[in-house]
Amino acid sequence: MSDGRLTWNPHAPEPVDDRELIGRVLAGDARAERELYDAHVDRVFRLVYRMVGDSHRAQDYTQEAFIRGFRRLADFRGDSALSTWLCSIAISVTLNGLRGLKRAREREVGLDQAPAIGARPVEADPDLKVRMRRAIDGLPEGYRTVFVMHDVEGYTHQEIATTLGVQPGTSKAQLFRARARLREALADFARD
Amino acid sequence: MDDDPLDESLRAAAREYHRPPDAPREAMWREIERARRLDRARRPGPRRWIPWGAAAAAVLALGIGIGRMWAPTGSPGPTPGTVAARPEPAARVNETAYRLATVEHLGQAEALLTLFRASVRTGSQERLASATARELLATNRLLLDSPAARDRRTRLLLEDLELVLAEIAQLTPQATAGDRELIREGMERGGVLSRLRTVVPAGTTPTRGDL
């Protein structure tokens with residue numbers, strides 16, 4: 001297992017020259033594709049895994065994000081960092097995948113019985129981490145995405161806004177509401 | 001709002017949420033590389049410069065040409081029983097021609113939808129996308145009325161594709177990002193693009209020369 005935020009800084013400078021790499025990829029250099037992938041895959045995979053909590057799905061969605069990214073690379077205009085652009089594709093793939101999964105589950109068990117995505121069986125005496133996981137799983141999609149990106153992975157509101165295609169104010173508002181819901185759900189754990 | 005963080009114990013618990021393992025780099029890369037090889041085999045040139053309108057017009061002309069070439073003439077056709085027992089050579093050629101025209105059409109539709117999806121945010125190509133979608137829509141309707149639509153899977157795909165093409169065809173330069181996003185979501189929901197890619201295997205799109 002990798003070690004949370006202690007070893008990961010999403011704000012760290014990207015170690016490769018993306019513009020040069022993009023040029024080589026567009027020129028058909030297959031090795032450049034691998035270099036671009038190596039430079040960004042950890043960040044993309046981390047974010048996708050945080051959203052889905054399942055290795056196989058995280059792998060599938062990350063692959064799909066890079067495949068789409070390479071196919072669309074000619075349209076990348078450099079308005080944001082390449083890593084942000086890739087993350088926006090990854091989030092889109094992930095949310096679409098999770099929505100499909102949710103629909104499939106709802107069809108199987110009926111709306112009233114559908115568990116939240118990633119929900120685990122109920123435990124007798126859940127500790128804070130388990131309760132937190134369930135509470136985050138239970139957040140509306142927009143709240144959960146912003147909360148995971150900001151409070152779990154350390155993205156800034158500006159990065160979140162660029163990635164999700166929303167205003168920074170929207171990101172802040174959703175984070176505020178997400179935290180409020182989590183405080184409410186975990187009130188018995190909160191310190192005075 | 002950033003100055004209203006969760007209690008430290010809650011923050012610490014949140015950081016444990018779906019804590020990721022190391023990325024399986026090589027396993028993922030194998031799949032990506034495979035997909036990229038197929039992409040390269042299928043489209044040797046940069047896709048952004050595909051002349052949408054010209055490509056769609058070529059497909060339309062091809063479809064019409066095939067239709068004229070193989071349309072029934074004044075001579076009476078075979079009875080259903082005869083067809084079932086021994087297909088006429090002309091009928092077999094006709095079927096093949098329609099199948100090739102369908103694959104060509106679906107390949108062009110896939111290119112349009114891929115480009116459209118890529119331009120959803122920028123929204124810079126509505127007029128061209130709309131014109132191309134209208135032309136493809138015409139071909140799509142010809143194929144829906146043709147023997148190509150006898151195959152159930154093809155017919156369902158053509159019907160779903162018709163909805164998407166009709167939406168794109170109605171786009172105007174005044175369309176909002178929300179309008180474009182709705183179309184994109186419709187494409188994703190119906191899996192139209194992925195189904196197109198399944199029906200049109202990489203590298204098998206016929207050209208006029210193949211016919």
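## Terms and model

Ala, Val, Leu, Ile, Met, Phe, Trp, Tyr, Cys and Pro count as nonpolar, Asp, Glu, Lys and Arg as charged, and the others, Gly among them, as polar. The structure is a predicted model, in which local features need pLDDT of at least 70 and side-chain atom pairs count only at pLDDT 80 or more, while totals for chains, interfaces and linings use all residues. Residues are numbered from 1 along each chain as its sequence is written, chains are lettered from A and ligands numbered from 1 in the order in which they are written, and side-chain values use heavy atoms, with hydrogens and water left out.

## The second largest cavity

The structure has two cavities of 30 Å³ or more (a cavity is a set of points on a 1 Å grid over the protein atoms alone where a 1.4 Å probe fits but cannot get out; lining residues have an atom within 4 Å of a point).

Helices α3 (55-72) and α4 (82-109) of chain A each give at least two lining residues (helices are DSSP runs of H or I with at least four residues, numbered from the N terminus).

Five aromatic pairs are found over all chains (rings of Phe, Tyr and Trp, the last by its six-membered ring, with centres within 6.5 Å; planes under 30 degrees apart count as stacked, over 60 as edge-to-face and the rest as tilted). Phe66(A) and Phe70(A) form a tilted pair, 6.4 Å centre to centre with 45 degrees between the planes. Both residues lie in helix α3 of chain A, four residues apart, about one turn of the helix.

## Helix packing within chain A

Helices α6 (residues 141-152) and α8 (residues 168-185) of chain A pack at about 95 degrees, with axes 8 Å apart (axes are lines fitted to C-alpha atoms over the stretch in contact, and angles run from 0 to 180 degrees between N-to-C directions). This makes α6(A) roughly perpendicular to α8(A) (65 to 115 degrees). The contact (heavy atoms within 4.5 Å) includes Tyr143(A) and Phe147(A) of α6(A) and Leu175(A) and Arg179(A) of α8(A). By class, this contact has six nonpolar, four polar and four charged residues.

Helix α7 (residues 157-164) of chain A packs with α8(A) at about 110 degrees, with axes 8 Å apart. These two helices are therefore roughly perpendicular as well.

## Packing between chains

Helix α5 (residues 128-137) of chain A packs with helix α1 (residues 8-15) of chain B at about 75 degrees, with axes 9 Å apart. Leu128(A), Lys129(A), Met132(A) and Ile136(A) meet Ser9(B), Leu10(B), Ala13(B) and Ala14(B).

Note on methods
On a 1 Å grid over the protein atoms alone, a cavity is a set of points where a 1.4 Å probe fits but cannot get out, and a pocket is an open set with protein on both sides within 12 Å along at least five of seven lines; lining residues have an atom within 4 Å of a point. Grid points are joined across faces, edges and corners, and a volume is the space filled by probe spheres set on the points. Angles under 35 degrees count as roughly parallel, over 145 as roughly antiparallel, 65 to 115 as roughly perpendicular and the rest as oblique.
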